[in-house]
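Here are my notes on the model, jotted down as I went through it.

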Amino acid sequence: MKPGLLQIGSFPPEVQSRIDAEFERLDVQDFERAPARAGDIRAIVTRSNLEVPAALVERLPRLEIIATNGVGYDLIPLSLAARRGIAVSNTPDVLNAAVAELCIGSLLALLRQLPQADRYVREGRWAGASFPLTTSLAGKQVGIVGLGRIGKDIARRLEPFGVALAYHGRSDQQLAWRFEADLGALARDADILIVAAPGGRETARMIDARVLDALGPRGVLVNVARGSLVDEEALLAALAEKRIAGAALDVFDGEPDIDARFFGLENVLLMPHIGSATQETRAAMAQLMLDNLRSWFGSGRVLTPVPLPGR
């Protein structure tokens, strides 16, 4: 008999067919129509940008594992999982390269104004005047907030551009790049501030008005982490008032329903949370998510466990 599984969110057809072949799947709407099936559910699968409500987990007495298709786990009730003995898995490493690529690509697009240049040509303005000069990445001071797996990949990809790198995090990792314990000082020294730290209560709104003012009118912000790390009201004000030069954002609070004030700003590059959105990366993430489920139901262990509080 196939294990019962509750699915939060949707997956591509090829992934969905594999889930359905190996598990007795219910989506949340099915479950709400048939709550008596709560005792059949032994696993949850989800994507890391979707919340797994604690109240839902509480209704599943036989739940054994929550497997997320993504690296983030800030939207999973980890303390509850720890109390209940529920395993939690994510899909680290397999998406590092894609997120780092998007970070570098969006930074270059912002500095060199590539979307504006494309429109300039399409609108027939090139014949009338040269496109305005833009800003080079070479030689810039770059600060990275959060130097985990993805942050390190971003740093390594930036090195060939001849930038000076520094980072802020929970501890000095004794790396070749300069560690800065004070986030405000990191921003003050940086031309470019890249946010790559995990989401959660500890990092919520850490990029606030103080940090943005330290970054200053020539500085740019790139966020490929979580929207929750940035105080969006402060960011919108800083962009509108040109207190920072610009921002490239792949993540937002309340996405996909983002604040409409972003749409009227020319100094911001907006992306629909596509850091890991390549065919190759999403296939690898889905494979690891499924492998975690198979390993759990086959051996009682997951391949890439998320650390739980108190364990």
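1. Let me start with H1 and H11, which are roughly parallel to each other, because the angle between them is about 10° and anything under 35 degrees counts as roughly parallel. Keep in mind throughout that this is a predicted model. H1 covers residues 13-22 and H11 covers residues 279-299, and their axes sit 11 Å apart. On the H1 side, the contact uses Val15, Arg18, Ile19 and Glu22. H11 answers with Ala286, Gln287, Met289, Leu290 and Arg294. Sorted by class, that contact comes to five nonpolar, one polar and three charged residues.

2. The other helix pair I looked at is H5 (residues 96-111) with H7 (residues 149-158). Their axes come within 9 Å and cross at roughly 50°, so H5 and H7 are oblique to each other. The crossing is right-handed. From H5, the residues involved are Asn96, Ala97, Val99, Ala100, Glu101, Cys103, Ile104 and Leu107. They meet Arg149, Ile150, Asp153, Ile154, Arg157 and Leu158 of H7. By class, this contact has nine nonpolar, one polar and four charged residues.

3. Next, H10 (232-240). Which residues of H10 are buried? They are Glu232, Ala234, Leu235, Leu236, Ala238 and Leu239; note the glutamate in that set. The buried residues of H10 pack against H9, E10 (220-223), E11 and E12.

4. Both ends of H10 deserve a look. Just after the helix, Lys242 takes a positive phi of about 60°, although Lys242 is not a glycine. This lysine lies in the loop between H10 and E11. Lys242 counts as exposed because its relative accessibility is 53% and the cut-off for exposed is over 50%.

5. At 38% relative accessibility, Arg205 counts as partly exposed.

6. Please check the peptide bond between Glu255 and Pro256 on your copy: it is cis, with omega about 10°. Pro256 belongs to the loop between E11 (246-249) and E12 (268-270).

7. Last, Arg47, which is found in strand E3 (residues 41-47). Its relative accessible area is 24%, so Arg47 is partly exposed. Leaving aside residues up to four places away in sequence, Arg47 touches Ile8, Gly9, Ser10, Phe11, Thr68 and Asn69. One of these, Ser10, has its backbone oxygen 2.8 Å from a polar atom of the Arg47 side chain. As for Met206, Arg47 is 159 residues from it in sequence and 24 Å from it in space, C-alpha to C-alpha.

Technical notes. Residues are numbered from 1 along each chain as its sequence is written. This is a predicted model: local features need pLDDT of at least 70, side-chain atom pairs count only at pLDDT 80 or more; totals for chains, interfaces and linings use all residues. Side-chain values use heavy atoms; hydrogens and water are left out. Axes are lines fitted to C-alpha atoms, for helices over the stretch in contact, and angles run from 0 to 180 degrees between N-to-C directions. Helices (H or I, at least four residues) and strands (E, at least two) are DSSP runs, numbered from the N terminus. Angles under 35 degrees count as roughly parallel, over 145 as roughly antiparallel, 65 to 115 as roughly perpendicular and the rest as oblique. A crossing is left-handed if the near helix is turned anticlockwise from the far one by less than a right angle, and right-handed if clockwise. Contact means heavy atoms within 4.5 Å. Ala, Val, Leu, Ile, Met, Phe, Trp, Tyr, Cys and Pro count as nonpolar, Asp, Glu, Lys and Arg as charged, and the others, Gly among them, as polar. Buried means under 20% relative accessible area, exposed over 50%, partly exposed in between (1.4 Å probe, protein chains only). A polar contact is a pair of N or O atoms within 3.5 Å; within protein, one must be able to donate a hydrogen and the other to accept it, and residues adjacent in sequence count only if both atoms are side-chain atoms.
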